[in-house]
Amino acid sequence: MHTVTESLNVLGFAGLGRMGLPMARNLLRAGYRLRVYNRTPARAEELVAEGAERVEHPRDLAEPGGVVFSMLADDAALEAVTLGDDGLLAGLAPGGVHVSFSTVSPAIARRMQRLHAERGCAYVAAPVVGRPDAAAAGRLWICLAGEPAARARVLPFLQLLGQAIFPFGDEPALANVVKLAANFLVGSALEALAEALALAEKQGVERSALMEMLAQTIFACSVYQNYGRMIAERHFAPGFSQRLALKDLGLVLDAAEEARVPMPLAGLVHDRLLSGVARGRGEEDWTTLARAVDEAAGLA
């Protein structure tokens, strides 16, 4: 963890879910004064016990011209927390910066950029790649896009939260496109893993043995090593829910339609997640889409 000497700075943080809470905690532990807001106030209690200040309305998060972060579930949540008389933008004032870690649509990012600019503020998109354990360890990968001056201003904070930061230009929407592309690839890998392991098992190959070979050879990367082990062992640790994954694959398809890019594989993964949510698995980790593959193969 990096150390910070500017301990008198006050930051704001909205959204204290599985990812937002450990990220906010890392800023607090780095020595920053932190104001926090969550639509379910009880989620803020443990950070308040550690020294954070809980506010009643998002607009109270920001000092005029300050920096506010948000980690929210979807476009609607981002709008609800940001806009309106009680939204965080109302309290940001000219010169302020809003950093959104949320996985949202490129369209809402473009709208947020415009609305912030109209008030003399900057909107920076910084969606993250990584699970809650990586968030807690400050080991996320961060995709960053926005005005150069705003990016430079928030970079020291982002370095507390991520092991690497990848810039994608001056338009915030571009960072969201990158994150959607990444989530599409992960979802596709989960489907492929589940199908390959089901085939192996039904043909008499031990699932974990196959996964050990793959993860050490042609698929020696974290997605296959970590998610592959979970699917092979059918040990599905909580992390990223099927409900949120379904939202993201919907955003992928929306962006693909807007850009006139056929993505049939995205449609398959979307429908697999849709089926899981319909079966009551919406709050389970998205690796549990493998259960539907097992069921279809008679392995349930």
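Guide: Let us begin with a term: a helix here is a DSSP run of at least four residues, numbered from the N terminus. Lys179 is found in one such run, helix H8, which covers residues 172-202. Please note that the model is a predicted one.

Visitor: What makes Lys179 a residue to begin with, according to the UniProt annotation?

Guide: The unreviewed UniProt entry carries the annotation "active site", and this covers Lys179. Such annotations may be inferred rather than shown by experiment.

Visitor: How do you know whether Ser102 is buried or exposed?

Guide: The relative accessible area of Ser102 is 0%, so this residue is buried. Ser102 lies in the loop between strand E5 (97-100) and H5. With the sequence neighbours up to four places away again set aside, Ser102 touches Ser70, Met71, Leu72, Pro127 and Asn176.

Visitor: What is the case for Gly250, buried or exposed?

Guide: Gly250 has a relative accessibility of 17%; because the limit for buried is under 20%, Gly250 counts as buried. The residue is placed in helix H11 (residues 242-259). From C-alpha to C-alpha, Gly250 and Gly267 are 8.6 Å apart in space, while 17 residues separate them in sequence.

Visitor: Let us turn to the helices. What describes two packed helices?

Guide: The angle between their axes and the distance between the axes describe them.

Visitor: What makes H1 and H7 roughly perpendicular?

Guide: Helix H1 (residues 20-29) and helix H7 (residues 148-161) pack at about 115°, with their axes 9 Å apart. The range from 65 to 115 degrees counts as roughly perpendicular, and H1 and H7 are therefore described in that way. Their crossing is right-handed. Met23, Asn26 and Leu27 of H1 make the contact with Phe157, Leu160 and Leu161 of H7. This contact has five nonpolar residues, one polar residue and no charged residues.

Visitor: What is known of the packing of H8 and H13?

Guide: The axes of H8 and helix H13 (residues 289-296) come within 9 Å and cross at roughly 35°. Their crossing is right-handed. On the H8 side are Leu190, Glu191, Ala194, Glu195 and Ala198, which meet Leu289, Ala290, Val293 and Asp294 in H13. The classes here are six nonpolar, no polar and three charged residues.

Visitor: Which residues does UniProt list for the "domain: 6-phosphogluconate dehydrogenase NADP-binding"?

Guide: The unreviewed entry lists residues 11-166 under that name. Over this stretch the chain is 38% helix and 22% strand, and the end C-alpha atoms are 23 Å apart.

Methods: Residues are numbered from 1 along each chain as its sequence is written. This is a predicted model: local features need pLDDT of at least 70, side-chain atom pairs count only at pLDDT 80 or more; totals for chains, interfaces and linings use all residues. Side-chain values use heavy atoms; hydrogens and water are left out. Helices (H or I, at least four residues) and strands (E, at least two) are DSSP runs, numbered from the N terminus. Axes are lines fitted to C-alpha atoms, for helices over the stretch in contact, and angles run from 0 to 180 degrees between N-to-C directions. Angles under 35 degrees count as roughly parallel, over 145 as roughly antiparallel, 65 to 115 as roughly perpendicular and the rest as oblique. A crossing is left-handed if the near helix is turned anticlockwise from the far one by less than a right angle, and right-handed if clockwise. Contact means heavy atoms within 4.5 Å. Ala, Val, Leu, Ile, Met, Phe, Trp, Tyr, Cys and Pro count as nonpolar, Asp, Glu, Lys and Arg as charged, and the others, Gly among them, as polar. Buried means under 20% relative accessible area, exposed over 50%, partly exposed in between (1.4 Å probe, protein chains only).
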